[in-house]
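Biologist: I am new to this structure and would like to learn how to read it. Could you take me through a few features?

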Amino acid sequence: MRNGVLNVYKEAGFTSHDVVAKLRGICGQKKIGHTGTLDPDAVGVLPVCLGNATKLCDLLAGETKEYEAVLLLGKTTDTQDLSGTVLAEQEVTVNEREAEEAVLSFLGAYEQIPPMYSALKVNGKKLYELARAGKEVERRPRPVQIFSLRILKTELPEITFRVECSKGTYIRTLCHDIGERLGCGGAMKSLKRTRVGVFGAEEARTLAELEQLAKENRLEEALIPVETLFSRCPRLMVKPEFERLVKNGNELHPDQVVMDQVDMVQAVPERTEGCAAEKISGMAGPGPENFRVCGPDGTFYGLYAFSGTKENGTYRPVKMFLT
């Protein structure tokens, strides 16, 4: 069984579940999971986890995301994009400056009401199922964060912008809310996800490209090892006589491990805010609190955190990736 993450470029017309189903056939294994849905009409980055990397699905789903979107002003739909039924059309009377100011006014934190056409559940029912049945239910606003907003092009009634945002942000709803603020309505015309955490669109591969690699027995070229996601954490090698402890997920004492020689001569790199290891352990602030623990042969077993004093401390498992 393969273990690792594939940086997939989802093309229009595929659901996230379609991508997983196709990859199960391409990879010849069932243990595969995606890291957060992307609308069928949207394109872009969709990290997919294989084997023991599926333990990272929830973590990666919570990573910061970046999108490029096209907002069409003057039109409101029930889905908040152009795939839905048009509810209203209005003349766009604002000028470019007013439109751009409205877009940029959403920078920072704001309360966003999830759209009815979404996979969120209310009383055990998915919202889109209720919407398709003609029902609308009250949704509570949720706090989201817009970390950055940059307008790429303005040709009214369309505005193209790039946005970096937190988990749970609906770009369709952001477009709708901008239209509401301008008083003319708005809907998302197109969406491209350009980044999820450290995964960028430039390195992503389409399903066709991955299928071709599989036919050539070269799929491993695209498979990103789990350990790579924690490359900023110092690496410890468990001594051969204690390898059984780490295989059982036990805690380790300092005299049972040795620092990897490469890590001993390299300075610990500055931590990236929101890095995967920090989110798993829940720790904050600078410093090497998290450690990659490997077997004597270099096999990556999991992420550990050190607790206690230098004399009496232990390395305790945070997330194990045993196969």
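Predicted model: local features only at pLDDT ≥ 70, side-chain atom pairs only at ≥ 80, totals over all residues.

Biologist: How much space lies in the largest pocket?

Modeller: About 1,200 Å³. Its lining has 40 residues, and Thr37, Leu38, Asp39, Tyr170 and Arg172 lie nearest the centre. Among the elements that give two or more residues to that lining are helix 1 (16–27), strand 4 (65–73) and helix 5 (171–182). Strand 12 gives the largest share, 5 residues.

Biologist: What is the lining of the largest pocket like by class?

Modeller: There are 15 nonpolar, 14 polar and 11 charged residues.

Biologist: Which residue does the UniProt annotation "active site" cover?

Modeller: Asp39, according to an unreviewed UniProt entry. Look for Asp39 in the loop between strand 2 (32–34) and strand 3 (43–50). Leaving aside residues up to four places away in sequence, Asp39 touches Lys10, Phe14 and Arg172.

Biologist: Why is aspartate 39 called partly exposed?

Modeller: Because its relative accessible area is 27%, and partly exposed runs between the buried limit of 20% and the exposed limit of 50%.

Biologist: And how should I read a nonpolar core?

Modeller: The general idea is that nonpolar side chains tend to be buried together in soluble globular proteins. Here the largest nonpolar core has 28 residues, with Phe161, Val163, Ile171, Leu174, Ile178 and Leu182 touching the most other members. Helix 5 supplies the largest share of this core, 5 residues. Another core, of 20 residues, lies apart from it and includes Cys49, Cys57, Val196 and Cys233.

Technical notes:
Residues numbered from 1 in each chain as written. Heavy atoms only, no water. 1 Å grid on protein atoms, 1.4 Å probe; cavity = no way out; pocket = protein on both sides within 12 Å on 5 of 7 lines; lining within 4 Å. Points joined across faces, edges and corners; volume = space filled by probe spheres on them. Helix = DSSP H or I, 4+ residues; strand = E, 2+ residues; numbered from the N terminus. Nonpolar A, V, L, I, M, F, W, Y, C, P; charged D, E, K, R; others polar. UniProt positions renumbered as here; feature names shortened; annotations may be inferred. Buried < 20%, exposed > 50% of the residue type's maximum accessible area, 1.4 Å probe, protein only. Contact = heavy atoms within 4.5 Å. Core = buried A, V, L, I, M, F, W, Y, C linked by side-chain atoms within 4.5 Å.
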